[in-house]
Amino acid sequence: MSGLRMPEADAKTLKRREEIVADMRIIVPGEGVVDSESEMRAFESDGLTAYRQLPLVVVLPETTAQVSRILKYCHERNIRVVPRGSGTSLSGGALPLQDAVLLVMSRFNRILDIDFANRAVVAQPGVTNLGITQAVEHEGFYYAPDPSSQIACSIGGNVAENSGGVHCLKYGLTANNILGIEMVLMNGDVIRLGGKHLDAEGYDLLGLMTGSEGLLGVVTEVTVRILKKPETARALLIGFPSNEQAGQCVADIIGAGIIPGGMEMMDRPAIHAAEDFVHAGYPLDVEALLIVELDGPQAEVDHLIARVEEIAARNGCTTSRVSRSDGERLAFWAGRKAAFPAVGRISPDYYCMDGTIPRKELPRVLSGMRELSEKYGLRVANVFHAGDGNLHPLILYDANKPGELEKAEAFGADILRLCVKVGGVLTGEHGVGVEKRDLMPEMFTEEDLNQQIRVKCAFDPNHLLNPGKMFPQLHRCAELGRMHIHRGQMPFPELERF
């Protein structure tokens, strides 16, 4: 796995594999357990396919009771567990471990309740992001967060990664659209956080769980907020002769107090790849393209379109086109949402990055990425959630050429260091996983990381849930003062420690 260091496999667990598989079949009868090497290949990686590892066994439960029994069983026997949704994660967050049960939640695929009066939907975690909108659109409602993978990604995975999308600028990330969850703790306890009500008493544990990447518990039910579709929505395609001019236009639009429903940016390689793939009508003679969507009452949208066009003209745009129908607006977005697979047609492999910066730093970071591209001798195609500063550089490489994957990884790490240097963060929506795990000290001090690990210890003191992810060095809870040591002896001394 390209030198990636993961927790050492527990020999005792590996020796008991047949026993564990047999016990899993008792808990999840029928076809809910996958243990043959060939069948487990489908689960050996998530969307970050550079890293692959077969799990100990794959288990696909169908009920919360089964999830509870699985986690309790593993907790009592010190067996690691890696939760997994649809596997679209781009940070290696669902990467299996050789000695871990891979807990796949894809059979939790039903919508349990639609409550238009309270503008809420209760869904199982395996329901796709787009599936929620499809369930409510007949009444003019939709679910706002819309990752590019929304046709496939699961709502449970969205909670784990705090996913965003092209419309998160105005309507927020998953954290801003989740009302409640049911979750199972590592010891098998089932708890509920939040609900259809807007506010909950006590600590914001729901906020803590959103974006926790499967390290604190397993989500078995999600309550989301749905919104009424706006009266009018129109999109502009605006082309620029340079990335820096497009970046400055983004900053000026936000600085003028305009909050678009979505504002995306693509550079020349991404524009050409998307247009060849989708035929969305993108201009091919520009270096950068902005897609700016404005929504609300008709009069407001018309007024804002005029203001955006004026700002774009001041920044030297060479082309501007406004959608004339909803179909044309959706076509504009189709190219952007297909940018990742489209880039796959122009390069044998690509490495999709995810970092976030202050909007005003966009021109500086674009210039920095161009210099890094020349340094590493690798091309990069850029697609950005430009409105909120969330960057998705796609580093193009060929894994069949010795050393190119390592160069792509080093290139990506330098991009993220640049993001932090200008006041940004390591991730906007993809999560830390294994990809950014060893870069966490670039952003956090040792004290910061220790405090975060103490939260992990409170939920999972034996570090059995998704170990090896997020934290560059996994301390034992005792080392952080979370356990009482009596005469040099830790509680439960018979348990193996990582």
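Contact, as I use the word here, means heavy atoms within 4.5 Å. I am working on a predicted model, in which local features need pLDDT of at least 70 and side-chain atom pairs count only at pLDDT 80 or more, while totals for chains, interfaces and linings use all residues. Residues are numbered from 1 along each chain as its sequence is written, and side-chain values use heavy atoms, with hydrogens and water left out.

**Entry 1**

I took helices (H or I, at least four residues) and strands (E, at least two) as DSSP runs, numbered from the N terminus. Two strands pair if DSSP finds at least two bridges between them. In general, strands of a sheet pair through backbone hydrogen bonds, either parallel or antiparallel.

I looked up an open sheet of five strands and read its order as S5-S6-S10-S8-S9, with antiparallel pairing. Strand S5 (111–115) and strand S9 (190–194) are at the edges with a single partner strand each, so one side of each has no neighbour in the sheet. On average, neighbouring strands of this sheet are turned by 10 degrees against each other, direction ignored. For such angles, axes are lines fitted to C-alpha atoms, for helices over the stretch in contact, and angles run from 0 to 180 degrees between N-to-C directions.

Inside the sheet I checked S8 (residues 178–184) against S10 (residues 218–225): six bridges join the two antiparallel strands. Met183 has Val219 of S10 as its bridge partner.

**Entry 1: helices on the sheet**

I noted that helix H4 (residues 64–77) lies across S8, S9 and S10 and runs at about 50 degrees to S8. Helix H5 lies across S5, strand S6 (120–123) and S10, at about 45 degrees to S5.

I then asked how many residues of H5 are buried. Buried means under 20% relative accessible area, exposed over 50%, and partly exposed in between (1.4 Å probe, protein chains only). Six of the eight residues of H5 are buried, and the helix is mostly covered. The buried ones are Asn129, Gly131, Ile132, Thr133, Ala135 and Val136. Their cover includes S5, S6, strand S7 (141–142), helix H6 (155–161) and S10.

**Entry 2: strand S18**

I found S18 (residues 380–385) mostly covered, with six of its six residues buried. On one side Val380, Asn382 and Phe384 are buried, and on the other Ala381, Val383 and His385 are buried, which covers both faces.

S18 pairs antiparallel with strand S13 (residues 262–267) over two bridges. There Met265 has Phe384 of S18 as its bridge partner. S18 also pairs antiparallel with strand S19 (residues 390–397), over six bridges. Val383 stands opposite His392 in S19. S18 and S19 make a hairpin with four residues between them, and Gly389 in its turn has a positive phi of about 75 degrees.

**Entry 3: cavity and pocket**

On a 1 Å grid over the protein atoms alone, a cavity is a set of points where a 1.4 Å probe fits but cannot get out; a pocket is an open set with protein on both sides within 12 Å along at least five of seven lines, and lining residues have an atom within 4 Å of a point. Grid points are joined across faces, edges and corners, and a volume is the space filled by probe spheres set on the points.

I counted two cavities of 30 Å³ or more in the whole structure. The second largest cavity has a volume of about 30 Å³. Its lining includes His385, Met263 and Glu264. Helix H7 (168–171) and S13 each give at least two residues to that lining.

The second largest pocket has a volume of about 660 Å³. Of its 26 lining residues, Tyr142, Asp146, His167, Arg329 and Leu330 lie nearest its centre. Helix H12 supplies the largest share of this lining, six residues.

Most residues other than glycine have a negative phi. I looked up Arg119, which is not a glycine and has a positive phi of about 50 degrees. Arg119 sits in the loop between S5 and S6, and counts as partly exposed at 40% relative accessibility. His279 is not a glycine either, and has a positive phi of about 60 degrees. His279 is in the loop between helix H10 (268–278) and S14. Is His279 buried or exposed? His279 is exposed, with a relative accessible area of 60%.
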